[in-house]
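Open the model in your viewer and keep the sequence panel beside it. The stops below say what to select and what is there.

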Amino acid sequence: MATLPVNNKQADILLNKLKHLGRFWSAWFRSPGSVGAVAPSSPSLAKAMVHALGDIPDGDILELGPGTGAITHYILQLTGRHVIALEKDHKMAAKLQQLLPKLEVLQGDAQYIPELLSGRQLAAVVSGLPLLNMPHEIRENIIAGAFEAMHADGVMVQFTYGPNQPIPVDLTDALGIKGKRGKKIWNNVPPATVWRFTKPLSEPKQMEQSDQPVDQPPA
Ligand SMILES: C[S@@+](CC[C@H](N)C(=O)[O-])C[C@H]1O[C@@H](n2cnc3c(N)ncnc32)[C@H](O)[C@@H]1O
């Protein structure tokens, strides 16, 4: 009988992946709309999300909707920053804290970021939330709260499975936020696109125009 060429290390990795999938799918059965995906993000998508942060100010990074920690692991590893993970699902939050004891896990709703962080200022927000599945008002609370909790030059990254901006343009316009399309990651189920959001400082006010040309003395 043919045997599979699997050694102990490979078997451990496989078992770990199956456990992750099991936790993800049990959360999906508890609340499919909140999870909004069929599988955890791939390592390629997770790395692309972290790289899309680019230059960020000093400070902590907040991850929204960490789930089983598919992106969390890379934020910790690639940035070396203190990471706060905000997860609504009780079971996922508890499991994540058990898996990554150094991570600061908050169990709660991303609609209440400023209240949950009690005024702490963030460098960046990495979001795995299914924003487009949410009612407009909830989405608005989340995005406004995320930008309120960040330094003025903070950065938010979000992925989407769709062709358009994952934060609708009417909302980014209303909040003065600019979105920039990043990489499309084909190696994810389903393929996903990374977006980067910032809140550019408002244009400096135009100097009041004098009737007199500046290079001529007043009459
Ligand atoms: C698409 S899964 C992403 C999981 C993980 N970040 C990944 O990329 O594999 C969305 C996660 O967001 C969580 N979530 C949904 N709504 C939330 C909310 N309002 N506040 C915090 N977490 C939320 C879900 O419980 C789920 O873990």
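**Start at His-82**

Select His-82 together with Asp-60 and Glu-104: apart from neighbours within four places in sequence, these two are what His-82 is in contact with, where contact means C-beta atoms, placed from the backbone, within 7 Å. His-82 sits in the loop between α4 and β2. It is partly exposed because 13 other C-beta atoms lie within 10 Å; the cut-offs are 20 or more for buried, 12 or fewer for exposed, and partly exposed in between, with C-beta atoms placed from the backbone.

The model is predicted, so local features need pLDDT of at least 70 and side-chain atom pairs count only at pLDDT 80 or more, while totals for chains, interfaces and linings use all residues. Residues are numbered from 1 along each chain as its sequence is written.

**The whole chain**

Show the protein chain as a cartoon to see eight helices and seven strands. These are DSSP runs numbered from the N terminus: H or I of at least four residues for helices, E of at least two for strands. Of the 219 residues of the protein chain, 32% count as buried.

**Helix α3**

Select residues 43–52, helix α3, where the buried residues are Leu-45, Ala-46, Ala-48, Met-49 and Val-50. Their cover includes α4 (72–79) and the strands β4 (122–127), β5 (150–160), β6 (178–185) and β7 (192–198). Just after α3, find Gly-54, with a positive phi of about 60°.

**α3 against α4**

On the α3 side, Ala-46, Lys-47 and Val-50 meet Tyr-74, Ile-75, Leu-78 and Thr-79 of α4.

**The ligand**

Finally, select the ligand and the 24 residues that surround it, the closest being Ser-41, Gly-65, Gly-67, Ala-110 and Gly-128; a residue is near if its C-beta atom, placed from the backbone, lies within 6 Å. Both α2 (32–35) and β2 (83–87) supply at least two residues of this shell.
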